[in-house]
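User: I've got a model open and would like to talk through a few of its features. Can you help me read it?

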Amino acid sequence: MILSKLQIPEEVMDFWSDFQKNVLSNKGYSTLVLGGTISVLVLLNFLKNWLKQLSFYKKLNIPGPTPWPLTGNLHKVMKEGFAEHDIEIMKKYGRVVGYFEGSTPVVLTTDIKFIKNVMIKDFNCFVNRRTFDSLTVEPTDKFMTILKDEEWKNVRAIVTTAFTSGKLKSMSKHINECSDIFENHLEKLTDQGGIFDTKKLFSGFTLDVISSCCFGVSTNSINEPENEFIQHMHQIFRNSVRADPKIILLFFFPKLAAFLSKRGLIEFFPMKSLKFFENFINLIIERRKNKLETRDDFIQNVLDHEKNNSFETIIKDFENQHGESKLYKWNTELKKTLTNKEILSQSILFLLAGYETTAQTLCYVAYNLAMNPVYQQKLCQEIDTVLERHDGKISYDSVNEMSYMDNVVDESLRLFPPAVRLDRVANEDYEYNGMKIKKGMVWSVPIWALHHDPEIYPNPYEFRPDRFNDQEKKTRDNLAFLAFGAGPRNCIGMRFALIEIKLLLTLILSKFNFEKCDQTPEKIEIDNSGFARPKIPIIVKVKRR
Ligand code: HEM
């Protein structure tokens, strides 16, 4: 209309009609315009979010670094790895720091009082962990680690009954069977020079233990590494924890990752292997339910739970264990059994949670002892003395009398905690020392940074088991050591892992010693996976005592 009223030269009109015909009607161009518009809108959205981020922590009275558009501060974590990043950021901003992982605000703290409040005293305000929708697909969607509120309490209360001292004691004979296989292997290895890759051997052992104690399967991974069970296990493990470009999608575009994952367009877990375990475990559950077989392992304990435990006893046990969490109340009618699906999910979770963490701890203990023969000798003396009292019997009772063993294992876990962080999500708005945490925000303890804080542990990179003797322990708060977390949501497998580690170490050190060899790294550097894995394999030597 306007164009028609104006006196426009003919050349211009010709140009305009050519332009309409050749360019605007062209499909490719329209797509380009559409794409460009969307990109501008997305960019504007990022800009808006970024402007919000710039003032976010000021309003909450929490110090922290300035975020970048899109990545927030995650680019630094990706470059430096969680461990180094966390040490640096705490050094620069103090014991409470707020930063952004993409668009997600995360508060990090090494303030012990704050840790105690969140994990124990005010646990009710921080019951759940951070979850990613893309990871909650069957059968991993019932993992205890990601369950929330009442559903978590229910599963945790029932599963706790499978980890009592009595149950652990009875499961310890399965651990000893696996230790015997390990020892035979070490005997052969010693005849061939004794040099070994700690990860390969110890992860074979922990896989055998967890499959035996979880569902009564003897895997013999050390001697039969090609077994189908082991192959599937390795598949799951490689995929679930490997550094992966999908993880970037998970952090930067969580909604897109969830959309693709729910439709099976990307996989965070290898579904074929999960299906293998699903069929396998369901078969075991059916056989046990039909009384075709029985055994004192995790599945059996959970199945027998209903007839063995009154609900009141479970609650009392749990409250006794976590008495400091005063506000933590069992305010619901919890159900008394787990469904097959819930048992299946926990069984797979135990494979994942108990396999690498425990193997890695054994690797680091072996390394620390090989590098520190004086401490190794002291530990061997304790083992000899205690075993003499028990007629040479390595058992749940005898290893529990070894206090120096506890110091060695704890000091290794302090120096190399397998989980470098833990987290909780605020159920409601919360305030600590004038600093505000908004409902839904992620609160996290950088375990690695806490364990390497020179104000808490002088010369933090030195391996010195006496830091954990009774006298020195009294000088620190218990919450300065968080390798297994704390409070009602701490590691449910802690006592199981510790007894497994101590039984094997006792057997090894009663006959062998670890030694440093040419291939042993002088210094351990960890990768940035968040699981404190060494960058290069830890090779040591074993020698008969
Ligand atoms: C040295 C070995 C292990 C280490 C260092 C370790 C460490 C941890 C840590 C740091 C947490 C988080 C705790 C928190 O948020 O407060 C955790 C949770 C958990 N761990 Fe372990 N863990 C180990 C072995 C095991 C084993 C052997 C199992 C199972 C048999 C297991 C099962 C679990 C489960 C199920 C949770 C989640 C508990 C819940 O949400 O209620 N862990 N572990």
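Here are a few questions and answers on this predicted model.

User: How are α16 and α17 oriented relative to each other?
Analyst: Helix α16 covers residues 340-371 and helix α17 covers residues 373-389, and they pack with their axes 5 Å apart. The angle between them is about 110°. Angles of 65 to 115 degrees count as roughly perpendicular, so α16 and α17 are roughly perpendicular to each other.

User: Which residue of α16 or α17 is the polar one in their contact?
Analyst: On the α16 side you have L369, A370 and M371, and they meet P373, Y375, Q376 and L379 in α17. The contact splits into 6 nonpolar, 1 polar and no charged residues.

User: Which protein residue is the donor to the iron atom of the ligand, and where is it?
Analyst: The iron has a single donor from the protein, the SG of C491, 2.3 Å away. As for its place in the chain, C491 sits in the loop between α21 (470-474) and α22 (494-511).

User: Is D391 buried or exposed?
Analyst: D391 is in the loop between α17 and α18 (396-399), and its phi is positive, near 50°. Its relative accessible area is 75%. Over 50% counts as exposed, so D391 is exposed.

Terms used. Residues are numbered from 1 along each chain as its sequence is written. This is a predicted model: local features need pLDDT of at least 70, side-chain atom pairs count only at pLDDT 80 or more; totals for chains, interfaces and linings use all residues. Side-chain values use heavy atoms; hydrogens and water are left out. Axes are lines fitted to C-alpha atoms, for helices over the stretch in contact, and angles run from 0 to 180 degrees between N-to-C directions. Helices (H or I, at least four residues) and strands (E, at least two) are DSSP runs, numbered from the N terminus. Angles under 35 degrees count as roughly parallel, over 145 as roughly antiparallel, 65 to 115 as roughly perpendicular and the rest as oblique. Contact means heavy atoms within 4.5 Å. Ala, Val, Leu, Ile, Met, Phe, Trp, Tyr, Cys and Pro count as nonpolar, Asp, Glu, Lys and Arg as charged, and the others, Gly among them, as polar. Donors are N, O and S atoms within 2.8 Å of the metal (3.2 Å for Na, K and Ca); water is not among the atoms, so sites may look incomplete. Buried means under 20% relative accessible area, exposed over 50%, partly exposed in between (1.4 Å probe, protein chains only).
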